[in-house]
Every structure is written in C-alpha cells, then in structure tokens.
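Hello,

Here is the structure I promised to pass on. Please open it alongside this note. My findings follow below.

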Amino acid sequence: MTVYVDDMYQTEFGRYGRMKMSHMIANTSVELLAMAKTIGVQKRWLQHAGEAGEHFDIAKCKRDLAIAAGAVPITIRQCSAMCARRRVTGDLGSPDGAEQWLAAYASRRRAPETEGRP
C-alpha cells in the first residue's frame with residue numbers, strides 16, 4: 001500500500017494565490033490519514049471522504065515532507081487516471097500504466113458507439 005503525491009503544483013491550475021498545491025492520494029483512507037498526520041495536515045481538509053476521488057490538496061512544502069516520509073511522486077495525469085481506475089474497479093492500481101489503462105478503458109467504452117457505422 002502506498003501514498004502518492006502529484007505534480008499539480010507545476011501547472012497553472014495548481015496555484016492557489018501564491019501557494020503551489022498538489023494532490024495526495026492513497027490506496028486506503030487509513031494510509032492517507034496516517035500520512036496527513038505525519039506531515040501535519042489536518043483531517044478536516046480531506047476531500048471526497050470515502051469516495052473514489054478521496055484526497056488532500058497539500059502545499060508544496062507538505063508534498064516535500066510527504067515524499068521524505070515515503071510518498072511516491074507521480075504526475076497529475078497519473079493521479080487523474082488512477083482515480084478514474086478506482087471509480088471503475090475500486091482500486092487505484094499503480095502509476096505505471098495508469099494513463100494507458102484509462103485510454104484503453106475509454107476506447108472500450110466508445111467502441112459500441114462506433115460499431116456498425118460505415
């Protein structure tokens with residue numbers, strides 16, 4: 001089981017005023033809350049508790065603390081794909097191949113729409 005932190009802080013939408021923000025996700029709520037406690041993020045900042053999109057928005061300084069405490073850095077695209085996979089399968093999976101999984105899933109969902117068309 002692992003905690004992940006994305007690189008949203010590198011994008012324009014990762015800015016909140018002067019702060020640079022990232023998402024922190026994990027395979028389980030227990031892991032996510034344990035890491036939040038370790039890096040000094042209050043439980044009340046948990047977003048979408050108990051849902052596939054459960055995460056914390058954390059400042060870059062907290063991201064650095066999380067990585068030092070064992071969190072795995074991922075890209076924002078991997079984070080999005082992993083959360084989509086959890087919505088479908090109930091499991092985040094790993095960041096390796098997450099974007100490919102999402103592309104294949106989207107392709108399978110579109111396939112019936114295009115079958116039988118010239």
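W101 counts as buried, because its relative accessibility is 18% and the cut-off for buried is under 20%. Please keep in mind that this is a predicted model.

What does the structure hold in the way of aromatic pairs? It holds one. The partners are W101 and Y105, and their rings are stacked. The ring centres are 5.2 Å apart. The angle between the planes is 5°, so the pair falls under the 30 degrees that stacking requires. Both residues sit in helix α4, which covers residues 98-114. They are four residues apart, about one turn of the helix.

A103 is also placed in helix α4. From A103 to A81 the C-alpha distance is 8.9 Å. Those two residues are 22 apart in sequence.

**The cysteines**

How many disulfides does a search of the whole structure find? It finds zero. C79 is in no disulfide, and its nearest cysteine sulfur belongs to C83, 4.5 Å away. C83 is likewise in no disulfide, with the sulfur of C79 as its nearest, at 4.5 Å. C79 counts as buried, because its relative accessibility is 4%. C83 counts as buried as well, because its value is 10%.

**A loop residue with positive phi**

Look next at the loop between α1 (29-39) and β4 (56-59), where H48 lies. H48 has a positive phi of about 55°. It is not a glycine. Why point this out? Most residues other than glycine have a negative phi. H48 counts as partly exposed, because its relative accessibility is 43%.

**Strand β2**

Y16 lies in strand β2, which spans residues 15-16. Is Y16 buried or exposed? Y16 is exposed, because its relative accessible area is 61% and the cut-off for exposed is over 50%. Y16 and G97 are 81 residues apart along the chain. Their C-alpha atoms are separated by 30 Å.

**The chain as a whole**

The protein chain has four helices and five strands. Along the sequence they run β-β-β-α-β-α-β-α-α. The C-alpha atoms fill a box of roughly 55 × 30 × 25 Å along the principal axes.

There are 118 residues in the protein chain, and 37% of them are buried. Now take the contacts between residues at least 6 apart in sequence. Of these, 50% join residues at least 24 apart.

The accessible surface of the chain comes to about 7200 Å². Carbon and sulfur atoms account for 53% of that surface.

On charge, the chain carries 17 positive and 13 negative side chains. The centres of the two sets lie 4 Å apart.

Best wishes

How values were computed
Residues are numbered from 1 along each chain as its sequence is written. This is a predicted model: local features need pLDDT of at least 70, side-chain atom pairs count only at pLDDT 80 or more; totals for chains, interfaces and linings use all residues. Side-chain values use heavy atoms; hydrogens and water are left out. Helices (H or I, at least four residues) and strands (E, at least two) are DSSP runs, numbered from the N terminus. Buried means under 20% relative accessible area, exposed over 50%, partly exposed in between (1.4 Å probe, protein chains only). Contact means heavy atoms within 4.5 Å. Accessible areas come from the Shrake-Rupley method with a 1.4 Å probe; for residues, only the protein chains shown count as cover. Lys and Arg count as positive and Asp and Glu as negative; His and the chain ends are not counted. The place of a charge is taken as NZ of Lys, CZ of Arg, CG of Asp or CD of Glu. A disulfide is a pair of cysteine sulfur atoms within 2.5 Å. Rings of Phe, Tyr and Trp (its six-membered ring) pair if their centres lie within 6.5 Å; planes under 30 degrees apart count as stacked, over 60 as edge-to-face and the rest as tilted.
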